[in-house]
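Hi,

Here is the model I said I would pass on.

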Amino acid sequence: MSGRPARRLGRHRAGNAPARGWAIGWLLAGLALFELACAGGLSGRAGIWGEAVPRDERDLALAGLPIEAQRTFLPLSQVFYERIASRRFNSRATFDDPSVRQFFPSVAAYSDYYASLVDVLDRAYFRFNQPTRIELLGLSATGDGVVELSLRFVGKNDLPLRWWNATLLRKDEWRWQDGRWWVVPGKV
């Protein structure tokens, strides 16, 4: 008789296995969708580069510059920030990448910008010092041929038990000089 209850108990547990499997599956699917929504993978994702900036603000910021500078600024800044998004900034491979260095007038200027960016990403608790998305929030002319960009860096949070994204608001300067745009490093 002692064998029968064990057999019944085994059947009872086996009978609930498909129901538990479905429940776990739905739970995991719900968590995956929630993570996508929080990371901006669904409707909250940024669209076209600079679309958040009103057209009159863009025109005013670029008004005193040559036509070529006005025409090339937004596409060039988009290329630059796309190249630095989703890259680890505490990595030698990222630092040595010539496709990012070409936006700076000298190696020293690039090194200053890179060190400053690594520092602020680390202080903002970006996991692996890696922004996953960069958004252009505003433009303003600050001097002769200098445009200041207001940016939002978004990435995974490195703090324990923080499932939401880390964000960083930052201002970068670009200068039109010698017929091309250069990124101006901030103070380290």
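**Notes on the model**

The protein chain has an accessible surface of about 11800 Å², and 57% of that belongs to carbon and sulfur atoms (areas come from the Shrake-Rupley method with a 1.4 Å probe, and for residues only the protein chains shown count as cover). Bear in mind that this is a predicted model: local features need pLDDT of at least 70, side-chain atom pairs count only at pLDDT 80 or more, and totals for chains, interfaces and linings use all residues. Residues are numbered from 1 along each chain as its sequence is written, and side-chain values use heavy atoms, with hydrogens and water left out.

**Overall layout**

The protein chain contains 6 helices and 4 strands, where both are DSSP runs numbered from the N terminus (helices are H or I, at least four residues; strands are E, at least two). Along the sequence the pattern reads α-α-α-α-α-α-β-β-β-β. Of the 188 residues, 33% count as buried (buried is under 20% relative accessible area, exposed is over 50%, partly exposed is in between, with a 1.4 Å probe and protein chains only). As for contacts (heavy atoms within 4.5 Å), take those between residues at least 6 apart in sequence: 60% of them join residues at least 24 apart.

**The sheet and the helices on it**

The 4 strands make an open sheet in the order E1-E2-E3-E4, with antiparallel pairing (two strands pair if DSSP finds at least two bridges between them). Strand E1 (133–143) and strand E4 (180–184) are the edges, each pairing on one side only. From one strand to the next, the twist averages 30 degrees. E1 pairs with strand E2 (residues 146–156) in the antiparallel sense over 9 bridges, and Arg133 stands opposite Val154 in E2.

Two helices are worth a look here. Helix H2 (residues 55–62) lies across E1, E2 and E4, and runs at about 45 degrees to E1. Helix H3 (residues 67–84) packs on the sheet too, touching E1, E2, strand E3 (165–177) and E4, and its direction makes about 140 degrees with that of E3. For these angles, axes are lines fitted to C-alpha atoms (for helices over the stretch in contact), and values run from 0 to 180 degrees between N-to-C directions.

In the loop between E1 and E2 you will find Asp144, which is exposed at 77% relative accessibility. Asp144 and Gly64 sit 80 residues apart in sequence but 8.0 Å apart in space, C-alpha to C-alpha.

**The core**

Which residues touch the most other members of the largest nonpolar core? They are Phe80, Tyr81 and Ile84, out of 38 residues in that core. By nonpolar core I mean a set of buried Ala, Val, Leu, Ile, Met, Phe, Trp, Tyr and Cys residues joined through side-chain atoms within 4.5 Å. H2, H3, helix H6 (107–123) and E1, E2, E3 and E4 each supply at least two of its residues. Leaving aside neighbours within four places in sequence, Phe80 is in contact with Val100, Phe103, Phe104, Tyr113, Trp174 and Val183.

**Salt bridges**

The whole structure has 7 salt bridges (a side-chain nitrogen of Lys or Arg within 4 Å of a carboxyl oxygen of Asp or Glu). One of them joins Arg87 and Asp97, with the closest N and O atoms 2.5 Å apart. Arg87 is in the loop between H3 and helix H4 (92–95) and Asp97 in the loop between H4 and helix H5 (98–101), so this pair ties together parts that are 10 residues apart in sequence. Arg87 is partly exposed at 22%, whereas Asp97 is buried at 14%.

Arg123 and Asp119 form another, at 3.1 Å between the closest N and O atoms. These two are 4 residues apart in H6, which means they are separated by about one helical turn. Arg123 is exposed at 62% and Asp119 partly exposed at 34%. There is also a network: salt bridges with shared partners join Arg92, Asp96 and Arg101. Within it, the closest N and O atoms of Asp96 and Arg101 are 3.6 Å apart.

**One more residue**

Asn129, in the loop between H6 and E1, is buried at 6% relative accessibility. Beyond its neighbours within four places in sequence, Asn129 is in contact with Arg87, Arg88, Phe89, Asn90, Val118, Leu121 and Asp122.

Cheers
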